[in-house]
Amino acid sequence: ARSLLADAYEQLGYQAESAPWRNFYLCGALELRQGMAKSEPARVSEGIARGIPMENLFQAMAVRLNGPKADGIRLSLNLDFTDECENTLLVIENAVLNAFIGRHSSNPTATLRLSSEDFKRMMLGITDAATLLGDGSLEIDGNLEALVEFSSLFDQFTPRFPIVTPRPEWN
């Protein structure tokens, strides 16, 4: 049955006038014949970390927040950037991440003092908090465990997903 469906998708792909539809059909046929290719979470380069605007990073973080993991958690992190970026308040409440640029909490769970580039690198997985703490690039006031908890609430997406076959159970 898989082979027959792959043949049908291949023929539909050859006949498709639209490039995206051709791609979907041919990728579906390949998936049915060879299975899903193994993939790892996407890696981000230093250049992307430098180039991404801080507002876009906060939006991406909000998308990656795992709602069920964040349910019932209340965290507020003051971000004191040592460079030109405006200080920011990050709040996780009601399983949602909000970034308030130009604001601070008077009673935060923790305050992080670092450069905006180091914050981007840390949130994009290029470096980790322990490395930044070790070289003096990161200072934390307040609950140190809050940063560990904060980091654990985000999903890592894999770039590949099944088009035709059932999805495997997500861990």
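The legends below describe several close-up views of one predicted model.

Because the model is predicted, local features are described only where pLDDT is at least 70 and side-chain atom pairs only at pLDDT 80 or more, while totals for chains, interfaces and linings use all residues. Residues are numbered from 1 along each chain as its sequence is written, and side-chain values use heavy atoms, with hydrogens and water left out.

**View 1. Helix 6 and its buried residues.**
Helix 6 covers residues 116-123; helices (H or I, at least four residues) and strands (E, at least two) are DSSP runs, numbered from the N terminus. Because 7 of its 8 residues are buried, helix 6 is largely enclosed by the rest of the structure. Here buried means under 20% relative accessible area, exposed means over 50%, and partly exposed lies in between, with a 1.4 Å probe and only the protein chains counted. The buried residues are Ser116, Asp118, Phe119, Lys120, Arg121, Met122 and Met123. After helix 6 comes Gly125, which has a positive phi near 85°.

**View 2. Salt bridges that join separate parts of the chain.**
The structure holds 8 salt bridges, and this view shows some of them. In one, the side chains of Arg33 and Glu10 meet with an N to O distance of 3.3 Å. This pair links distant parts of the chain, since Arg33 belongs to helix 2 and Glu10 to helix 1 (residues 2-15), 23 residues apart. Arg33 is partly exposed, with a relative accessible area of 41%, and Glu10 is also partly exposed, at 22%. In another salt bridge, the closest N and O atoms of Glu93 and Arg74 are 3.3 Å apart. Glu93 lies in strand 2 and Arg74 in the loop between helix 5 (67-70) and strand 1 (75-81), so the pair ties together parts that are 19 residues apart in sequence. Glu93 has a relative accessibility of 37% and counts as partly exposed. A network of salt bridges links Asp80, Arg113, Glu139 and Asp141.

**View 3. The loop between strand 2 and strand 3.**
Asn94 sits in the loop that runs between strand 2 (88-93) and strand 3 (96-101). Although Asn94 is not a glycine, its phi is positive, at about 55°, and the residue is exposed, with a relative accessible area of 68%. Ala95 is found in the loop between these strands and has a positive phi near 60°, in a residue other than glycine. Ala95 is partly exposed, with a relative accessible area of 22%.

Rolling a probe the size of a water molecule over the atoms shows where empty space is left. On a 1 Å grid over the protein atoms alone, a pocket is an open set of points where a 1.4 Å probe fits, with protein on both sides within 12 Å along at least five of seven lines, and lining residues have an atom within 4 Å of a point. The second largest pocket holds about 350 Å³ of space. Its lining has 14 residues, and those nearest its centre are Ala42, Val44, Arg64, Leu124 and Gln156. Helix 4 (residues 54-64) supplies the largest share of this lining, with 3 residues. By type, the lining divides into 10 nonpolar, 2 polar and 2 charged residues.

Trp21, Phe24, Phe161 and Ile163 make a nonpolar surface patch of about 450 Å². Such a patch is made of residues with over 30% relative accessible area and no salt bridge, whose nonpolar side chains (Val, Leu, Ile, Met, Phe, Trp, Tyr) are joined within 5 Å. Trp21 belongs to helix 2 (residues 19-34).

**View 4. Val164 and Gly28.**
Val164 lies in the segment after helix 8 (144-152) and, at 28% relative accessibility, is partly exposed. Val164 and Gly28 are 136 residues apart in sequence, yet their C-alpha atoms are 5.6 Å apart in space.

Notes. Patch = residues over 30% accessible without salt bridge, like charges linked within 9 Å, V, L, I, M, F, W, Y side chains within 5 Å. Areas by Shrake-Rupley, 256 points an atom, 1.4 Å probe, with all protein chains shown as cover. Salt bridge = Lys/Arg side-chain N within 4 Å of Asp/Glu carboxyl O. Points joined across faces, edges and corners; volume = space filled by probe spheres on them. Nonpolar A, V, L, I, M, F, W, Y, C, P; charged D, E, K, R; others polar.
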